[in-house]
Amino acid sequence: MAGWLLSASRQRRVKAMTAAAGSAGRAAVPLLLCALLAPGGAYVLDDSDGLGREFDGIGAVSGGGATSRLLVNYPEPYRSQILDYLFKPNFGASLHILKVEIGGDGQTTDGTEPSHMHYALDENYFRGYEWWLMKEAKKRNPNITLIGLPWSFPGWLGKGFDWPYVNLQLTAYYVVTWIVGAKRYHDLDIDYIGIWNERSYNANYIKILRKMLNSQGLQQVKIIASDNLWESISAAMLLDAELFKVVDVIGAHYPGTHSVKDARLTGKKLWSSEDFSTLNSDTGAGCWGRILNQNYVNGYMTSTIAWNLVASYYEQLPYGRCGLMTAQEPWSGHYVVESPVWVSAHTTQFTQPGWYYLKTVGHLEKGGSYVALTDGLGNLTIIIETMSHKHSKCIRPFLPYFNVSQQFATFVLKGSFSEIPELQVWYTKLGKTSERFLFKQLDSLWLLDSNGSFTLKLQEDELFTLTTLTTGRKGSYLLPPKSQHFPSTYKDDFNVDYPFFSEAPNFADQTGVFEYFTNMEDPGEHHFTLRQVLNQRPITWAADASNTISIIGDYNWTNLTIKCDVYIETPDTGGVFIAGRVNKGGILIRSARGIFFWIFANGSYRVTGDLAGWIIYALGRVEVIAKKWYTLTLTIKGHFASGMLNDKSLWTDIPVNFPKNGWAAIGTHSFEFAQFDNFHVEATR
């Protein structure tokens, strides 16, 4: 080693870069600036024979579903800090793309997102939080690419069928109104639109959508299809000239870094339009680092989009903490900048959409991969990853075994890059705490008198970015507040005259949509309420429940008292409930267990051990009618539960042995209008 460094001493400003990895860590990261060919092959980076495909950017998904639900409730300055880590250029993840769910009122993984058209004659472009999120992203990065994609659709589009293609013109109109509304009400230009997430596409619908976009002056909005697998849409495009013409990007989900022949034969842009979905540990970061490179090396994919942007939903919902960072405690302000943020930065901070990959990219001899990109103006960025099999498994698909071992890799810059005098160096090492570094800037590498070559000693689970750009930065803020449990005493009277968001803080709708409501019929105590606003089942993406439900609180709550005023709007058949120890949500909501206290407009009550109502603990008659306010109280302590109506005992000491803990909840018997007010929980873990 000393001999090699000595032989390099003639070069201008040669530096041995150290990574101060602690006593047990790696003492040095030697970038040997010499023309000697180290063990292993040399990797030539050259643009003499032209360039590869155009790079379209790295991004993430908000939605699919309700993955950013808790983010909007964060107090300042923490909410803005989280957004900076995600979107601010040269600061954190610095994302190039934001893809959002076009809310369709249905359950789409971790909750429902409201549609801009609940009903046929209804239009409201201020529901939910995706509009706000897109504006915040644009505020930080005016050049960010915006994508919209439906998961579910409001029920009226199906005309009685669970299918969005009953009336192709109507569904296209519905999607186009969302794009037009984004511009009219929020000054947001949507760049790409998708078809139906991970479900069937309809070729005639795609053609009609293109024509309707054009008729509205939206020729610049491009179409991605079909956000599912490569095979069907690619083959169809090769056989259908009109379909081929109207699809701009072929987007596949979780492609395992590989595309298929038919997709490549189209010559269209190929994207991994949803990927990652992995716990944001260092293994998740390794997954992300590996696929960001290898999606292009193996599959010619010029964009990779992570599901999801930020884990801002209750952690015990499906796919907890599968975001680039974690922000699931608005009540405390606590958040965590996870390692996938800094893995993203290795690519996003040193490239931009419109750059081009070099043709000279590939795999390293002893495992790992490298890509290089240029802006065509003299700038070059090289990203090298050596993620091991063990520490880079994504949640899907299956990852065949491969080996990564220590190696020396020599890179030679040729063509227009041969005269580059200096490269900035950024380094990440995942794994053991004693050896771990996240996006650390090392000393720059000087290439004068080295014939454009340099050698790196690479070990497993590392990332290097070498770039001519000097704008990289590891942004930081003071540590956020410490983590805290959800408040054991929680109240909400919903008395908000002009709510900034349509949904009440911390309530996470799992079936149905619960919105702030101004009750014009009651100028008194119940003038402002929370209302369930769906009157028909949406066109579903997942197994929505038959009952609507919104959860809240701490999943580890065991003993609790829930009190809430309720108002049934539907005579005879209507019904509402409050519940505790609710143990499932998201795509599993249909099978949720808990203790559910129901009252019905037909003058009955029921206590059940599940949302579906199959496990009946008690039932009876009670003086209840529609269009009148009642106060329900549910107390669960140990193995027993009791209920009160209007502060009078209705049923007592019913044995409840399962579940032991869970969220609090409110909801309705079916897709029906109902109101809730003065929600109050007292709980212990």
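Trainee: Over how many bridges do strand β9 and strand β10 pair?
Mentor: Bear in mind that this is a predicted model, where local features need pLDDT of at least 70 and side-chain atom pairs count only at pLDDT 80 or more, while totals for chains, interfaces and linings use all residues. Residues are numbered from 1 along each chain as its sequence is written, and side-chain values use heavy atoms, with hydrogens and water left out. Strands (E, at least two residues) and helices (H or I, at least four) are DSSP runs numbered from the N terminus, and strands pair if DSSP finds at least two bridges between them. For β9 (residues 249-253) and β10 (residues 269-276), the pairing is in the parallel sense, and the bridges number 5.

Trainee: Which residue in β10 is the bridge partner of Ala-252?
Mentor: Look across from β9, where residues 249-253 sit, to β10. There, Ala-252 finds its partner in Ser-272.

Trainee: How many strands make up the closed barrel?
Mentor: Follow the order β4-β5-β6-β7-β8-β9-β10-β11, with parallel pairing. That run closes into a barrel, and its strand count is 8.

Trainee: What angle does the direction of α3 make with that of β5?
Mentor: Helix α3 packs on the sheet and touches β4, β5 and β6 (contact means heavy atoms within 4.5 Å). Angles run from 0 to 180 degrees between N-to-C directions, and axes are lines fitted to C-alpha atoms, for helices over the stretch in contact. With β5, α3 makes about 170°.

Trainee: Why is α3 largely enclosed by the rest of the structure?
Mentor: Count the buried residues, meaning under 20% relative accessible area with a 1.4 Å probe and protein chains only. Among them are Trp-131, Trp-132 and Arg-140, and they pack against β4, α2, β5, β6 and α4. Helix α3 spans residues 130-140, and it is largely enclosed because the buried share of its 11 residues is 8.

Trainee: Are α9 and α10 roughly parallel or roughly antiparallel to each other?
Mentor: Their axes come within 8 Å and cross at roughly 20°. Angles under 35 degrees count as roughly parallel, over 145 as roughly antiparallel, 65 to 115 as roughly perpendicular and the rest as oblique. So α9 and α10 are roughly parallel.

Trainee: How do α4 and α5 lie to each other?
Mentor: The axes of α4 (168-186) and α5 (residues 203-215) come within 9 Å. They cross at roughly 45°. That makes α4 and α5 oblique.

Technical notes:
Buried < 20%, exposed > 50% of the residue type's maximum accessible area, 1.4 Å probe, protein only.
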